[in-house]
Amino acid sequence: MEQRRSGEWRNTYESSLILETVLPDLLKESKQVKPSSLIIKGVNTDTVRKFPYTATLSPGDLNVSKSGGLPVYITGYQQFWNKNLEKVSKDFTVDTWFEKNGHTLSQLKGGEPVLLKAEVTAKGDADYVMIEIPIPAGCSYESKEQSWENNEVHREYFKEKVSIFCRKLKQGKYEFTVNLIPRYDGRYNLNPAKAEMMYFPVFYGREGMKKVVIGH
């Protein structure tokens, strides 16, 4: 308790350990704690008593009610294929471009390294932000560097995108760079880069769909 700094704990795991330690003392007044349960209307199982619990729901009305003395956390989401991705500037604004020697490129040349840059504008202070920067299919990584600027704590390089994790982004603009090398001529889609709060992904912003040409 005495090691808390800046009004928060170091991470979610540490917070959970502290809560696990102090919670029994907070509940001493209630000698008997009634286990929590959920009643979910819209799935086959009406009453849920064992957690964690996962269910896939069909479209329609959904009603959830809870009983018991302990909290229950619920996350709901839907997935669908969006064919016409447009730029979204809500809590973050994301802009991407290709650059070489300080100049913005409209076309890439095979074998010549380029920088894929993403500018993220945070419209308010945000904790635990993830930035995803897709790469075109005709490119590969020229190098896989870890950066410690902009409160970055880790980068994960996947074959189709780079995921950048930031501990905190205060209101303002931030620039992220990925080193690429074009390899195959052609016209490719550049999927939208996105910035979102990891624990509250409804707070996000993304770039629009773009095209990129690689040629000699």
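## Stop one: the second largest pocket

Begin by selecting helix H1 (12–26) and strand S1 (37–41), each of which supplies at least two residues of the lining of the second largest pocket. Bear in mind as you look that this is a predicted model. The space in this second largest pocket comes to about 950 Å³.

How many charged residues does the lining of the second largest pocket have? There are no charged residues there; the lining divides into 18 nonpolar and 7 polar.

## Stop two: the largest pocket

Next, move over to the largest pocket, with a volume of about 1,300 Å³. Select Gln78, Phe80, Lys194, Glu196 and Arg206, which lie nearest the centre of this pocket among its 27 lining residues. Then show three strands: S7 (126–134), S13 (194–197) and S14 (200–206) each give at least two residues to the lining of the largest pocket. Which of the strands gives the most to that lining? It is S14, with 5 residues.

Keep your class colours on here. The lining of the largest pocket has 7 charged residues, along with 13 nonpolar and 7 polar ones.

## Stop three: aromatic pairs

Time to look at rings. The whole structure holds 3 aromatic pairs. For one of them, select Tyr128 and Tyr199: their ring centres are 5.5 Å apart and their planes stand at 85 degrees, so the pair is edge-to-face, given that planes over 60 degrees apart count that way.

Now pick Phe200 and Phe203, an edge-to-face aromatic pair with 6.5 Å from centre to centre and 70 degrees between the planes. Phe203 counts as partly exposed, at 35% relative accessibility.

## Last stop: a charge over a ring

Finally, select Lys161 and Phe158. Where does the charged end of Lys161 sit? You will find it over the ring of Phe158, 5.7 Å from the ring's centre.

Definitions and conventions: Residues are numbered from 1 along each chain as its sequence is written. This is a predicted model: local features need pLDDT of at least 70, side-chain atom pairs count only at pLDDT 80 or more; totals for chains, interfaces and linings use all residues. Side-chain values use heavy atoms; hydrogens and water are left out. On a 1 Å grid over the protein atoms alone, a cavity is a set of points where a 1.4 Å probe fits but cannot get out, and a pocket is an open set with protein on both sides within 12 Å along at least five of seven lines; lining residues have an atom within 4 Å of a point. Grid points are joined across faces, edges and corners, and a volume is the space filled by probe spheres set on the points. Helices (H or I, at least four residues) and strands (E, at least two) are DSSP runs, numbered from the N terminus. Ala, Val, Leu, Ile, Met, Phe, Trp, Tyr, Cys and Pro count as nonpolar, Asp, Glu, Lys and Arg as charged, and the others, Gly among them, as polar. Rings of Phe, Tyr and Trp (its six-membered ring) pair if their centres lie within 6.5 Å; planes under 30 degrees apart count as stacked, over 60 as edge-to-face and the rest as tilted. Buried means under 20% relative accessible area, exposed over 50%, partly exposed in between (1.4 Å probe, protein chains only). A charge sits over a ring if NZ of Lys or CZ of Arg is within 6 Å of the ring centre and within 35 degrees of the ring normal.
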